[in-house]
Amino acid sequence: MSGVSQASSHPARAAEDGGRAQGLAVKDVAKRFGRFPALKGVSISAEPGEFLALLGPSGSGKTTLLRIIAGLETPDAGTVFLQSEDFLAQTPRERRVGMVFQSYALFRHMTVAKNIAFGLEVLPRAQRPRKAEIKARVKQLLALIQLEDLGGRYPRQLSGGQQQRVALARALAIEPRVLLLDEPFGALDAKVRKELRYWLRRIHDETGVTTIFVTHDQEEAMDLADRVAVLKEGRIEQVGAPEALHEHPASAFVFDFLGESNRLPCHLSGDLAAFDGFSAPAVVAPGASGNTTAWFRPHETELSGEGPGLGVTVTGVHNQGGLVRVDLSAADGSTFEVDLPRVSRPTGLGVGAQLKLRPRRVFVFADAPVP
Amino acid sequence: MRTMVPEKPKGFAWLVVGAAALWMGLAILLPLVSVFVEAFRQGAAAYFASFQDPDAQAAIKLTLQVALVAVPLNALFGLAAAWLIAKFEFAGKGLLLTLIDLPFSLSPVISGLVWVLVFGANGWFGPLLDQLGVRIIFTYTGILLATILVTFPFVARELIPLMQAQGTDEETAAVTLGAGGRDIVWRVTLPNIAWALVYGVLLCNARAMGEFGAVSVVSGHIRGLTDTMPLHVEALYNDYNFVAAFAVASLLAGLALVTLAVKTLLEWRFSSELASGARR
Amino acid sequence: MALTLSLPRLREPSVLPGFWPALGFTVAYLSLIVLIPLAALIARPWEHGLADFWRTVTDSRVLAALRLSFGAAFIASLVNLVMGLITAWALVRYDFPGRRLLDAMVDVPFALPTAVAGIALATLYAPNGWIGALLAPLGVKVAYTPLGVLVALIAVGLPFIVRSVQPVLQDLDAEIEEAALTLGAGRWRRIRTVVLPAVAPALVTGFSLAFARAVGEYGSVIFIAGNMPLRSEIAPLLIVIKLSQFDYAGAAAVGLAMLVLSFAALLVINIGQALLLRRGR
């Protein structure tokens, strides 16, 4: 498998690229479609060999950004550089980026092997490897995606997950300088998604190619990427390692997008959020102060029969494996979700029970919308 | 949603089937059979003798010469128009689609008439062409133009819906893999539409060889020179030379049957690679 | 590049090549083959003045021909509406021997050259023909009468209705109909309340296609029609006659009148169809 690594098979190319150092820099990129601003000045860079996720809801501009890097869209403003090369001055062909489409876009009338070989066969004659070389390379890639025996099949004869892998092999065949994936697992069912997720990470680690992938699934992004960029309405809200995003979300949007959340009004003094008769330690984002909203996770929330806390009524109890998810509502109609480990489930937990709710830790943001 | 599965007919159903069969027999099968019966009415020798006539041979040759130019031109147009309409977004696409369909709603006679209005002796460019010594009406060129107009939409109509349904995903993927225009068209697009193209060319050819009204207007009916096969059928029929008329007609009917057989075969075998519901 | 930037609304940018060559060829070919000739049809009827145009199209012979072409096309399409629906129904619903062959045969009128159909029909319906001989004792004359025109137009129009209705019948949800059956609806009631409303739009589409084809039909008609002025002479034939007299303006006038009338008729049909659709199925 190591035979597929980037530098080995084309020494000339490796030299021309300056080894593997292939940093990608996107600066102040803006793009509008008609009156709709898809990107409003986005800057982000990817280190050589990095695995970067673009995470955001639909319409946040993440796919547009990916397509601009691939050369499929032209930005209205901004620059895209790979090392010292001006990407925007190059055709998609010259950029040599590998792209995996959400729909896979496999060539339906070509076999799997032909699909993978396509990028090599359309190279200008001078650069095109010999037939035997192409064949050997296709074989390596088929081994890499673990479909050695399916080279003669047509795409329609493959499962969704297999098609996905062929699409990736086809993109890798051209030894891309950057690999782009647009919602790579979007069309697959949950179980296959998870399998392919780890497999993709392994392929990345083996080939070492700088990879950018677009997803709306926060779990996928956090699980897979070295760094995650959260996009909202054409802007980047925050970029960082998954751990950093979890521990220090920059905005309420990021916090909310990265998982289920509860909200409660509070008064902030120092790093303590004060509620009606109780308080909780707060992670305070710059600029937050005074009367504001405290955000907290279902799993960082306690429930008890008595003591200080917000009075709530149980409206639903759902068993989810090792966890118990409790739905609650307060007297003013606001609703909460709490996850409890099954072992620490309090007695008498049933619909209609009156309990006290207390966050263990809250987050406070400057931009917090009032619930 | 579950689609209908045909059931064995019984009672009332036989009435429906019978009515349909009778109707089809009267309107379609009987005329078709009568062509061959009339052609062989005086035996096989008389039938084959009809094709010894140099005028008949000239008509066959002219028909082939017209189809040989008209069909490839319309196929080329169909490919260009379908590439344009299916792969790009631009203003005026709806208008273009309407104009491409327009010849379908023209009477064949009008499709011939318009060429006379443009190139005839009293036509817009008639006098000018006359001075240059160029004649279009009553010549091969006129017949060709009329045939092209009548068969204009056939290939385009077959390709456009299919290529629209296929979208631009594969071509875009090919671009990111470094393919240029020629590689995209030859390796990706054409193989995807090959059978639909064959299908469209087949229908276009059948109509081109069998066209009567439009060609009749621009031909001048000079036997051995500007009579195509259908026009030759008319001339023979009007001469009360029925065996020869039906003999030539039987060739055209045979062409129609072969066309339908291949068309049906394509529909069975490659239904997913043809534009669905665009049968014509 | 400068052009695409200055005209952003006219064309969405694309990485696919070949837009300008394809556009150039398409527009040039379309103009040469369709637009310029049609411009002549629209421009030339007026060259001897409006009054002359009016005199031409209101001439009793022209009016009779237009009435015959449009009237016979309408009646033929109505007949095909009924028989086409029955044929489509038989082909979709029942599995009888020869079904596939019958299905393939529906397309014959699309492929059979009109002149071939024309001489075959004329021979069949002539007083000494296979069918004509059967009808003669009954005093029915088909060939060389307006009835002959009708027969020819019925023969060319059948496939349009069948091919429009067939896919709709095929996709008709079997369960809806079975539900109607279990609710005790009788056969006619089921057809009237469930099937007909569902296929009505397709019937209208098929009708307008068959009608448009029949109005302009020439080759299959002239042999059987007898072509007697004022009686069995169709409008397209009148164009041919006027051309042979070098009356270009007159021929163009009849052609334009046909075109305008048939677009008007199709417009009425389309509006009717839109109303039908809006009423909900």
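Contact means heavy atoms within 4.5 Å. The structure is a predicted model in which local features need pLDDT of at least 70 and side-chain atom pairs count only at pLDDT 80 or more, while totals for chains, interfaces and linings use all residues. Residues are numbered from 1 along each chain as its sequence is written, chains are lettered from A and ligands numbered from 1 in the order in which they are written, and side-chain values use heavy atoms, with hydrogens and water left out.

Q: Over which residues of chain B is the pLDDT below 50?
A: The pLDDT is the predictor's confidence in each residue, from 0 to 100. Chain B has a mean of 91, and 96% of its residues reach 70 or more. One stretch lies below 50 and has 13 contacts in the model beyond near neighbours in sequence: residues 276-280.

Q: How many residues apart in sequence are the parts that the pair of Phe104(B) and Phe154(B) ties together?
A: Rings of Phe, Tyr and Trp (its six-membered ring) pair if their centres lie within 6.5 Å, and planes under 30 degrees apart count as stacked, over 60 as edge-to-face and the rest as tilted. Over all chains there are 36 aromatic pairs, and Phe104(B) with Phe154(B) is an edge-to-face one, at 5.3 Å centre to centre and 75° between the planes. Because Phe104(B) lies in the loop between helix H4 (93-101) and helix H5 (108-119) of chain B and Phe154(B) in helix H8 (residues 154-166), the parts tied together are apart in sequence by 50 residues.

Q: Which backbone oxygens does the side chain of Arg44(C) reach?
A: Arg44(C) is found in the loop between helix H2 (19-43) and helix H3 (50-58) of chain C, and it is buried, with a relative accessible area of 4%. Among the residues it touches are Gly123(B), Trp124(B) and Tyr248(C). At 2.8 Å the side chain of Arg44(C) reaches the backbone oxygen of Leu117(B), and at 2.8 Å also that of Asn122(B).

Q: Near what value is the phi of Tyr240(B)?
A: Tyr240(B) is placed in the loop between helix H12 (229-238) and helix H13 (242-269) of chain B. With a relative accessible area of 67%, Tyr240(B) is exposed, and it belongs to one aromatic cluster that includes Tyr218(C) and Phe223(C). Most residues other than glycine have a negative phi. The phi of Tyr240(B) is positive, near 60°.

Conventions:
Helix = DSSP H or I, 4+ residues; strand = E, 2+ residues; numbered from the N terminus. Buried < 20%, exposed > 50% of the residue type's maximum accessible area, 1.4 Å probe, protein only. Polar contact = N/O pair within 3.5 Å; in protein donor to acceptor, adjacent residues only side chain to side chain. Lists of a residue's contacts leave out its neighbours within four places in sequence.
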